[in-house]
Amino acid sequence: MKLQLAIDDLSMEEALKLTDSILEYIDIIEMGSPFLMEYGMEAVRSFKNRYPEKEILADLKIMDAGFFEAELAFRAGADYATVLGVTDLLTIQGCQDAAEQYGRKIYVDMICVPDIPTRMKAIEEIGVFGISVHTGVDQQAAGRSAIDDLKLMLEHRQKAEISVAGGIHSGTIQSYIDAGADVVISGGGICHSENPRLEAAKIAKCIAERTK
Ligand code: 5RP
Ligand code: MG
C-alpha cells in the first residue's frame, strides 16, 4: 500500500518546503489539478528533478486529446497521468497508448461516473494500470465520502490497482486501509494540518501496520 501526497492549493515555495519535511513518509507526489493550472508542466519537471527517487503523478484529469495531453506529462517526467472515467473510451485509449510509448502509467479518475461496475469493465479492457475512487472537494463539502465507492470498486476490479481520494486524513484512514486500497491519497488532510509532518507520520504508521 502506498501513500500519495496531493499538492493542490499551495504555492511552489510552500509545496517544496512541505514535501522536503515529509519525504520519508510518502511514496507518490501528486501535482494536483489546481497546482498544475498555476504552474504547468514546469512543476512536474521541478519535482522530478528534485525528488528523482519518488514517483510523480500529474493529476491532469484529461477529458479530451488523450494521447497529446498525457504525452505532455510524460515528457515532463511524470510517472503517472490521470484521465477522467466519464470521458470517451477513445480518450482513455489515447492516454494508455502514450503511457505504453513512454513506459509510464495511467490512472482513470472515476469522479462522477454514475455506473461504476459497467464503466470499470470497459476501462479494464483498455488495460490501464490504475483506477481511482474519488469523492471531489465539492462533493466532500456536501458531506460525501469515498468509502462506499471504494468497496464497490474493489468488488468489481479485475487487474487494475485501486487508489482512493476524498478528504482522507489520519482520523479516517483506517477504514480505507481495512477496505484494501492499493494507494491512499491525502491532500488537505496533510497540507492543511497544523503539523503536516506529524499528520503524514501518523498516516504512514497506519499503512506500515497494515503491511507488516
Ligand atoms: C480534487 C483532487 C484532490 O487532489 C484529491 O481530492 C485529494 O485531496 P483531498 O485529500 O484534499 O480530498 O484531485 O479534485
Ligand atoms: Mg488530485
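Biologist: Is F35 buried or exposed?

Modeller: This is a predicted model. Residues under 20% relative accessible area count as buried. F35 has 0% relative accessibility, so F35 is buried.

Biologist: And F47, buried or exposed?

Modeller: The cut-off for buried is under 20%. F47 comes out at 0% relative accessibility, so F47 is buried.

Biologist: How many aromatic pairs are there?

Modeller: Ring centres must lie within 6.5 Å to pair. By this rule the count is seven.

Biologist: What kind of pair do F35 and F47 form?

Modeller: Their ring centres are 6.1 Å apart, and the planes meet at 85°. Angles over 60 degrees count as edge-to-face. The F35 and F47 pair is therefore edge-to-face.

Biologist: Which helices does that pair link?

Modeller: The two residues are twelve apart in the chain. F35 lies in residues 33-39, and F47 lies in residues 41-50. The helices are α2 and α3.

Biologist: Y80 and Y107 also pair; where in the chain do they sit?

Modeller: The pair is tilted, with 5.6 Å between centres and 50° between planes. Both residues are buried. They are 27 residues apart, Y80 in strand β4 and Y107 in strand β5.

Biologist: Which residues do ring pairs link into a cluster?

Modeller: F35 and F47 are among them.

Biologist: Over which ring does the charged end of K105 sit?

Modeller: A charge over a ring must be within 6 Å of the centre. The charged end of K105 is 4.6 Å from the ring centre. The ring belongs to F129.

Note on methods
Residues are numbered from 1 along each chain as its sequence is written. Chains are lettered from A and ligands numbered from 1 in the order in which they are written. This is a predicted model: local features need pLDDT of at least 70, side-chain atom pairs count only at pLDDT 80 or more; totals for chains, interfaces and linings use all residues. Side-chain values use heavy atoms; hydrogens and water are left out. Rings of Phe, Tyr and Trp (its six-membered ring) pair if their centres lie within 6.5 Å; planes under 30 degrees apart count as stacked, over 60 as edge-to-face and the rest as tilted. Helices (H or I, at least four residues) and strands (E, at least two) are DSSP runs, numbered from the N terminus. Buried means under 20% relative accessible area, exposed over 50%, partly exposed in between (1.4 Å probe, protein chains only). A charge sits over a ring if NZ of Lys or CZ of Arg is within 6 Å of the ring centre and within 35 degrees of the ring normal.
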